[in-house]
Amino acid sequence: VSATSKRADKEHDAFVELHETELAGEDDPGLKALLSFLRGWSPEQFETRGFPSDVVDANLVFRLDGEHCYLHDRPAARAVRARLLAGDEGHVAAARVTVCLVSGETAPPARLHPAIKGVNGAQSSGASIVSFNLDAFTSYGISQGDNAPVSEQAAFAYTTALNYLLRRGEHNRQRLQVGDTTLVFWAEAADANQAREAEDLFADLLSPPVDDAAEAARVRAVLDCIAKGRPVADVAPNLEPTTRMYVLGLAPNASRLSVRFWQADTLGVLARRIAQHAEDLRLDPLPWRTEPSAYRLVLATVPHREGAKPKADDAINIVIGETMRAILSGGPYPRSLLANTIMRFRADGDISGLRVALCKGVLARERRRDIRTSEEEIPVSLDKQSTQPGYLLGRLFAVLEHVQRAALGSQVNATIRDRYYGAASATPASIFPVLLRNTQNHLGKLRKERIGQAVNLEKDIREIVGGLPDQFPRSLKIEDQGRFAIGYYHKAHSYFTRHDAAEDAPAYESAEPTDIETEGADQ
C-alpha cells in the first residue's frame, strides 16, 4: 500500500522474494514467523487489521508478540544482515567468513570501512582508522579489510557512533579540540539522563568555562573537594562514581586517523586524576581566574610572537598527546613539556604564570612518583626555608629585577629579565656577579629617595644569598631551571601582597596573569 508509488505491488513482490531467498533454511522462530506473515499478507488487510493511514510509506519494524526485542536485533537476523551488507560477495560469504576482531562473532569482514568525518586536519571527505588501500598491503592472498577482519555490522556501528560524537555544533559537549587532537568521550550508565550528566561534569572538569565566573567557581569547588579525598557523590549527588567513562583522542594522519590515546575508567577515578592534575599545577598566587583547560596548556608551550596570537598549530603534537595521556592516566607528564617550556622562557621572555605552573606540575608529579632530583618538595607558595639553589637563584633574580624597577621606574626600557633571564637560569656563575654589582648602583639611588624600601630590599638579598653555596653554580640542570622559574614567580608576586610596601612599589606588571584567558576557547 502506497500513497506515492505506482508500482507498490511490484515492490512488495520484490520484498517478499528477497526474504524468501535470504531466509530460506533459517531456523530462528522470529525469522520463520516473519516469512509466514509475508506469505499470508495482502494489501486488503491494511484496513481490516486497523493500520492507521499515517503509516503509509513509513518504515516499519517487526517483533514477536510478547517479546521486547525487535526481529532485526535477533542474532540470526544480524547474521543475515551482515551477509547482505557484504554485497555481491554475500552469496559466497562462506568462503571468507572469519572471526570479527570487535565482536568475536563469525561473520564476513568489511573490505572497506565507512569514512569518519569531523576530525580537524583530516580530509573533509572523511578518513579511516582501518585502511589497506595499496597493493603493498596484499599478502598471503589477503587484501584490504581482510588484513584486520571487522564484520560489516561492527564497521557500520563504530563509524556511525564516531561520526555522531564528532558532529560539529555548540551543543555537542562530547567533542573537544586540544591542539591537533580531536577528543571525544562518552559515559556508560543504566539511565540516559545520568550518562548525560556524567558527560557534562567530565566536560566541565576537562575544559572549565572561561566566560561564566559562577560556573568556573563551581568547577573549582568540585576540583578542590575531589582533591581533598571527597567522593564524586558528595559534589554531584545524582551521579554514580562507578559510571564508566570512555575517552578517545584522534589525530589526522594523511588519509588515515591515528589513535593518539584511549582511556577507559570510572567517572570517580578520572575525576580524581583531573583534580590531581589541577593540584600539581597549583601556584600561589593563582595565575588564572579559571582552571586552565588542556587547550590553554597547549598554547603556553608555543612561541609568543609580537603582535600575533599564539597558535596551537605551532605546538609539538607528540607533547600534546603525551600531556593529555598523563592527565587522564595519572602518569608522569612528558619531560619534553618541561624542556619546551623553559626553551620558550629564553626565546620570548614571557615568564607567565601558566608556563611556570607547567614547570611546577612536571616536577611535582615526578616527585610523587619517586623520581627525585632534589630532597625538597616543590613549593606551592613562597618558601623562605628552601635551600635548593635553583629556587633560591630564581628568588634572587626577582629581587634584583625589583630593585632595578624601583630605582629607575618608567625609565627602564628593558629589565634584567628581558636581557639576562635565559643566561641567569642556565649559567648563574657567569651572570649573577655582574647583576649584583649593578644592583649596588640601583640601591644607592634608592637610598636617597626611599630609604625604607632600600633597606627591605637589601635584607631580601642578604637573606637569599646567605642560603646559597659559597660560589654560584656554573650551570643548572633542566629541572633546576624549572625551580628557578618557580622561585622567580613566587618572589616577584610576593611584593604585591606586602601592604607595608604598597605605597612605595613602583609601576610594575599587574599581579593578574598574563596568560591567554579566552583566546582560542576550546572547541
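How many salt bridges does a search of the whole structure find? In this predicted model, the search returns 23 salt bridges. One of them joins the side chains of Arg39 and Glu20, with an N to O distance of 2.8 Å. Arg39 belongs to helix 2 (residues 29-40) and Glu20 to helix 1 (residues 8-22), so the pair ties together parts that are 19 residues apart in sequence. Arg39 is exposed, at 56% relative accessibility, whereas Glu20 is partly exposed, at 27%.

A further salt bridge links the side chains of Asp280 and Arg368 (3.0 Å, N to O). Because Asp280 lies in helix 9 and Arg368 in helix 13 (residues 353-368), this pair ties together parts 88 residues apart in sequence. Asp280 is buried, with a relative accessible area of 3%, while Arg368 is partly exposed at 44%. Asp348 and Arg355 also form a salt bridge, their closest N and O atoms lying 2.8 Å apart. Here Asp348 is partly exposed, with a relative accessible area of 26%, and Arg355 is buried, at 0%. Salt bridges with shared partners join Arg335, Glu366, Lys477 and Glu479 into one network.

Helix 9 also takes part in packing on a sheet. This open sheet consists of four strands in the order 3-4-5-6, with antiparallel pairing. Strand 3 (175-178) and strand 6 (256-266) are the edge strands, each pairing on one side only. The twist from one strand to the next averages 20 degrees. Strand 5 (residues 244-253) is joined to strand 6 by 10 bridges, and Leu250 stands opposite Val259 in strand 6. Helix 9 (residues 267-281) touches strand 5 and strand 6, its direction making about 105 degrees with that of strand 6.

Key. Residues are numbered from 1 along each chain as its sequence is written. This is a predicted model: local features need pLDDT of at least 70, side-chain atom pairs count only at pLDDT 80 or more; totals for chains, interfaces and linings use all residues. Side-chain values use heavy atoms; hydrogens and water are left out. Two strands pair if DSSP finds at least two bridges between them. Helices (H or I, at least four residues) and strands (E, at least two) are DSSP runs, numbered from the N terminus. Axes are lines fitted to C-alpha atoms, for helices over the stretch in contact, and angles run from 0 to 180 degrees between N-to-C directions. Contact means heavy atoms within 4.5 Å. A salt bridge is a side-chain nitrogen of Lys or Arg within 4 Å of a carboxyl oxygen of Asp or Glu. Buried means under 20% relative accessible area, exposed over 50%, partly exposed in between (1.4 Å probe, protein chains only).
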